[in-house]
Amino acid sequence: MVEKYSMVKKIREDALNNKVPIIMDDGINFITNYIIKKQVKNILEIGTAVGYSAIMMCLCSPNVKVTTIERDEKRYLEALNNIKKLNLEDRITLIYNDAANVKLEDNYDLIFIDAAKAQNMKFFKMFEKNLNDGGAIITDNLNFHGLVFKDEEDIKNRNVRALVRKIKEYKEFLKKNKNFYTEFYDLGDGISVSIKG
Ligand code: SAH
Ligand code: MG
C-alpha cells in the first residue's frame with residue numbers, strides 16, 4: 001500500500017509538471033470521503049486524463065470499480081500504463097473514445113464529470129439514465145480557476161468568456177433541475193454534488 005501511494009504521488013507530480021489538468025487535492029479528498037461515506041461501488045468518470053483521479057477513487061476502498069472515458073490517445077495510453085503499474089486493470093475499465101459517442105448499459109452509484117467544461121450539461125443529460133437511485137453526479141472545475149466569479153467584461157479572451165458563460169449556464173441548470181438536489185462546494189476548483197431522487 002505504501003508503495004502504491006508513492007507510485008500515485010509520482011503520477012500526480014508528472015501530471016502537474018506536464019500541465020495535465022488533474023483534480024486538486026481538496027477536490028479528490030472530498031470525493032474519496034464521499035465514496036467511503038456513501039459506500040460507493042461503481043463509478044463512471046468522464047475525462048480520464050492520465051488516470052490520476054480514477055486511481056485515487058479506486059484506492060480509497062477495495063469495493064470500488066471505475067469505468068472511465070478519454071478521447072485523447074496520448075493520455076489514454078498513459079492512463080493505461082499507469083493503471084497497469086498499479087495492478088488495477090481488473091478494477092478500472094478504460095474507454096478510448098469521445099464520451100459523446102459512448103453508450104453504456106450499466107448503472108453507477110457515482111458519475112464524475114471532468115471532461116471538456118463546455119460539455120457538462122450534455123454529459124449530465126446523456127448519462128443521468130445510468131445513475132442508480134440515490135446516486136450522485138459530481139462535477140469538477142465549476143469555479144474555473146476563479147473566472148466564474150469575475151465580471152465577464154474583464155475576461156479578455158473570447159473563448160474563455162464563452163466557456164465561463166457555459167459553466168454558469170450549467171450551474172443554473174443544476175439549481176433548477178427538479179430531479180436532482182445539488183450542493184455546490186467551494187473547494188478545489190469548485191465541485192457540485194447532484195443527488196438523484
Ligand atoms: N479526471 C482527471 C482529469 C481530467 S482532465 C483527473 O483529475 O485526474 C480532462 C480530460 O477530459 C482531458 O484529458 C481531455 O482529453 C478529456 N476530454 C475532454 N472532452 C472529452 C470528451 N468529450 N470525451 C472524452 N474525454 C474528453
Ligand atoms: Mg477537473
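Around ligand 1 in this predicted model, the shell holds 22 residues. Ile23, Gly47, Glu70, Ala99 and Asp114 come nearest to the ligand. By class, the shell residues split into 10 nonpolar, five polar and seven charged. Two secondary-structure elements each give at least two residues to this shell: helix H3 (52-59) and strand S2 (65-70). The space that ligand 1 takes is the largest pocket.

| Residue | Protein atom | Ligand 1 atom | Distance |
|---|---|---|---|
| Gly47 | polar backbone atom | nitrogen | 2.8 Å |
| Ser53 | polar side-chain atom | nitrogen | 2.9 Å |
| Glu70 | side-chain N or O atom | oxygen | 2.6 Å |

How much of ligand 1 does the protein bury? Taken alone, the ligand exposes 590 Å², and the protein buries 95% of that.

Now the metal. Which residues coordinate the magnesium ion (ligand 2)? Asp114 (OD), Asp140 (OD) and Asn141 (OD1) do, at 2.1 to 2.2 Å. Their spacing in sequence reads D-x25-D-N. Asp114 and Asn141 link distant parts of the chain, 27 residues apart. Asp114 sits in the loop between strand S4 (108-113) and helix H5 (120-127). Asn141 sits in the loop between strand S5 (131-139) and helix H6 (158-176).

How values were computed:
Residues are numbered from 1 along each chain as its sequence is written. Chains are lettered from A and ligands numbered from 1 in the order in which they are written. This is a predicted model: local features need pLDDT of at least 70, side-chain atom pairs count only at pLDDT 80 or more; totals for chains, interfaces and linings use all residues. Side-chain values use heavy atoms; hydrogens and water are left out. A residue is near a molecule or strand if one of its heavy atoms lies within 4 Å of it. A polar contact is a pair of N or O atoms within 3.5 Å; within protein, one must be able to donate a hydrogen and the other to accept it, and residues adjacent in sequence count only if both atoms are side-chain atoms. Accessible areas come from the Shrake-Rupley method with a 1.4 Å probe; for residues, only the protein chains shown count as cover. On a 1 Å grid over the protein atoms alone, a cavity is a set of points where a 1.4 Å probe fits but cannot get out, and a pocket is an open set with protein on both sides within 12 Å along at least five of seven lines; lining residues have an atom within 4 Å of a point. A molecule sits in a cavity or pocket if more than half of its atoms lie within 2 Å of its grid points. Helices (H or I, at least four residues) and strands (E, at least two) are DSSP runs, numbered from the N terminus. Ala, Val, Leu, Ile, Met, Phe, Trp, Tyr, Cys and Pro count as nonpolar, Asp, Glu, Lys and Arg as charged, and the others, Gly among them, as polar. Donors are N, O and S atoms within 2.8 Å of the metal (3.2 Å for Na, K and Ca); water is not among the atoms, so sites may look incomplete.
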